[in-house]
Structures are given as C-alpha cells and as structure tokens.
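Reader: Hi! Could you walk me through this one before I start setting things up?
Author: Happy to, here it is.

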Amino acid sequence: MRFNSHSNSDTPPSEPDETLTTPDKNSPVSLKPDFTSPLSDQILISILSNLTKSQQISSCLVCKRWLRISGGLVKSLRLLDWDFLDSGRLAHRFPNLLDVDIVQACIVSPRNSGICFSNKFVSIHVNSFISDSGFIWKPDFLSPNLIDRGVEILAQGCPNLRRLVLLGATKEGLASIANECLALQELELCSITDMDLKGLAGFRNLQILKLIGSVDGLYDSVISDIGLTILAQVCPRLLKLELVGCEGSYDGIKAIGQCCQMMEELTLSDHRLEGPDVHLGSCPTLEELHLQRCQLRDKQGLGSLFLVCEAVRELVFEDCWGLDNNTFFTASICRRVMSLSLEGCSLLTMDGFDPVVVSWKELKRLKVVSCNNIKDSAMSPELATLFSLLKELKWRPDSKSILSSGLHGTGIWQKGGRSFKI
C-alpha cells in the first residue's frame, strides 16, 4: 500500500483524490491517507452491510465514497422532506430502494410547531387548532399535480421498487409507476378517488393492495362500489386486498367475487356492508377474511360477503359493531373454517356462538377474547368436546371465565374423562 503522507495530523481520512494534491505545492501535506482505497467497492459493500443501522448512518460521514456505498445499501425509506424527492436527490442518494413511503411528505406541516398530531398512519406537527368552537384544524396537502410529478421522478429513479405507499396520487401518477416499476408487488393508497383507481390497470405484478378511504381528522376520501368495481376489473390477479374506511357494499363485493378469482386474503376495517346476496361470485382461493372495526348490523350484507368468501379457512372478527347471534349465523356458510378469532364482540352470546362453531368440523384453532356475553355456564357438551380436540385454544370471553387454554389435552371434557364443575 502506498501512502500519500505520513503526517501526524488528527484530520479524519479523506477520499483518495483529495489526498493526492494540496492547494500549495510548498505547503506540507496535512491530510491522512485513505487506508480503504485499495479495497474494491464490492468488498466495502460486504463490510458495511454487516454493520447495524446506526453504524451505517455514521459510516456515511467518513468520505464521499462511503456515503455513496452506504446509500446503495438502504432498501426502505419513509420520506419526510418533499424537496428531497422533487429535486431528484432521493434517487441519486439511494439508488437501490425497494420500499418507499411518501405519505408524510405530502402533508404540509410547520417545522417549528410543538404540537404533534399522531395516528396509526402518520405523525405530523400542526399549528394551534383548538378554539371556542372546538376542533377546527384540517391539514393541507400538496397539489395532485405536484404529487404526480414527484411520483414520476421516484418511479424513474427507483425502477426496482417492490412496495410503495402513496397519498393523493391520481391515475396519471399511478400510470407512471406502472410503466417504470415493473416489479412492484405491493401498493398502499391513501386519499384516492374511485376514478383514480383506473391507473392500476397497467400494473403487471401487483399482488397486495391496501386502500385507505377516509381517516378521521386527516382527510375524507370516498371509495365506493364504483371504485371497487373498477378495482376488480383492472386487478383480477390480486392475492391480498385490505379496505380501510371504504364505503363499498353489495355491488363492490359482487365485482370482487366475480373477478378476483386468485384472492387469498381479504381484510375490511371501518367498513359498512349492505345489500342483497343474489348473483354473487366467489373467490375460491380466498383463505383469510379479517373484519376489523366494521359495522355488521346488516345480516343480508354480511351474508353477501360470506357467500363471496365461502372457501375461507381463517376468520377474524375484531371490535365489530352489530355482530350478534343472527349476523354471526351467516358465517356458517363457510364450511372449511380452520381458525376463528373473536375479540371485542360483546353482542354475541353462546346461543349464537355454539351452533356455528360446532358445525365447523375442520376447526383447529379458536380464540375468544373480551366477548362478555359468551358464558361458560351456557356451553354445550358438543362444544366442550370440541375444545379438547383443538390444537390451539385461547378462551377469555370475560374476566369471570374459569376455562383456559392450559386445560387442552387434559381430557376433562372427553367421554370417560374427569368431571369439571363451574
């Protein structure tokens, strides 16, 4: 190794090209040599890739070469400064990104505010928003044209993206991503309209899609049956679909059932279901159905959903309003259920729970938590026998329940087994 200088200066090492010359030929060389210059980029990549995330951040300050190499190791990023994207610096600094979230950068937020607004989607600083009339603050968003331009810059600079989270993009912005990011597999869209979903038609490998229709206190966007119908037509190869705060009901569910024949998982959150159950299609490959914070008061609408998802293997109900004995009975059409999870369903009683669960002959896993009207004392012998055969059981319907998954395998409920008094 040939050194450029043997100075005793404590100056940090610099890049090789900065150590070859000095401003004045007569002045002593004060820069230390770069001892890593003989190493190839590939060797440095192997070394830096074994560092922790915090160590990688520190390593990029060593010199321009390390900055470039460490930037190439970054695969996931949440954008906070829109100018960083709009100027083209993001793609230049991090050329190998696979996962990008630009939602927070699309919201106009004061940098010097001490008030922070947070929910499960974003955390942003806001100005004072409380007055005598109450909550008056609403966030400002970047214009759709500006967002579409930034999205196009991102797509051109990072064509290898696999996952992308967007807010406010139009069908033109989505089309630019589809044209450039051919390997994109997962997409999350916030504050988007029905008609903008037409921009999804160009995605060739999209498998996972999450639509966030409206978020309390942040924005009020509507994804209706029109949007779900468009979605079903342009994305028939979806494997997983999550709808949050959307308003699609009968027609939208019908379209999904008829077109998305490959879907394996469907999740509905903050959703309301309504409509008849005639002429519905079904998703024969759908294996998981998750319902979170949904309004399930309409028995006919819920029945329509279960007709579409009749092949489902895993059912999850979490804090769903209106799930009572009558509406839960509609789930009995799903004959192949192997896993059931109920949490926060306080209207459901043992009269509605017992016959449906007993009818599922393939059930192997059961979780019942915080369902206060499901009582141990009303349990049938058939259900007790089923409990002893399950592979996994979590039974905490209320604070007074004395049964637990720890009794699994003891033979308490089997014929000829030990007796058990409540």
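Reader: Great. What should I know about the model itself?
Author: This is a predicted model, where local features need pLDDT of at least 70, side-chain atom pairs count only at pLDDT 80 or more, and totals for chains, interfaces and linings use all residues. Residues are numbered from 1 along each chain as its sequence is written, and side-chain values use heavy atoms, with hydrogens and water left out.

Reader: How many helices and strands does the protein have?
Author: There are 14 helices and 20 strands. Helices (H or I, at least four residues) and strands (E, at least two) are DSSP runs, numbered from the N terminus.

Reader: And what share of the residues is buried?
Author: Buried residues are 46% of the 422 in the protein. Buried means under 20% relative accessible area, exposed over 50%, and partly exposed in between, with a 1.4 Å probe and protein chains only.

Reader: Nice. Which strands form the open sheet?
Author: The order is β1-β2-β9-β10-β11-β14-β15-β16-β17-β18-β19-β20, 12 strands with parallel pairing. Two strands pair if DSSP finds at least two bridges between them.

Reader: Which strands stand at the edges?
Author: Those are β1 (76-78) and β20 (392-396); each has a single partner strand, so one side of each lacks a neighbour in the sheet. From one strand to the next, the twist averages 5°.

Reader: Which strands does α13 lie across?
Author: Helix α13 (residues 350-359) lies across β18 (339-343), β19 (365-369) and β20, at about 170° to β18.

Reader: Switching to helix pairs: how do α7 and α8 cross?
Author: The axes of α7 (residues 144-157) and α8 (residues 171-180) come within 9 Å and cross at roughly 5°. The two helices are therefore roughly parallel to each other (under 35 degrees; over 145 is roughly antiparallel, 65 to 115 roughly perpendicular, the rest oblique).

Reader: Which residues meet there?
Author: D148, V151, E152, A155 and Q156 in α7 meet E172, G173, S176, I177 and E180 in α8.

Reader: Last topic, aromatics. How many pairs are there?
Author: A search of the whole structure finds seven aromatic pairs. In one, the F306 and F317 ring centres are 6.3 Å apart with planes at 65°, so the pair is edge-to-face. Rings of Phe, Tyr and Trp (its six-membered ring) pair if their centres lie within 6.5 Å; planes under 30 degrees apart count as stacked, over 60 as edge-to-face and the rest as tilted.

Reader: Which residues do the ring pairs link into a cluster?
Author: The cluster is F306, F317, F328, F353, W360, F387 and W395.

Terms used: Axes are lines fitted to C-alpha atoms, for helices over the stretch in contact, and angles run from 0 to 180 degrees between N-to-C directions. Contact means heavy atoms within 4.5 Å.
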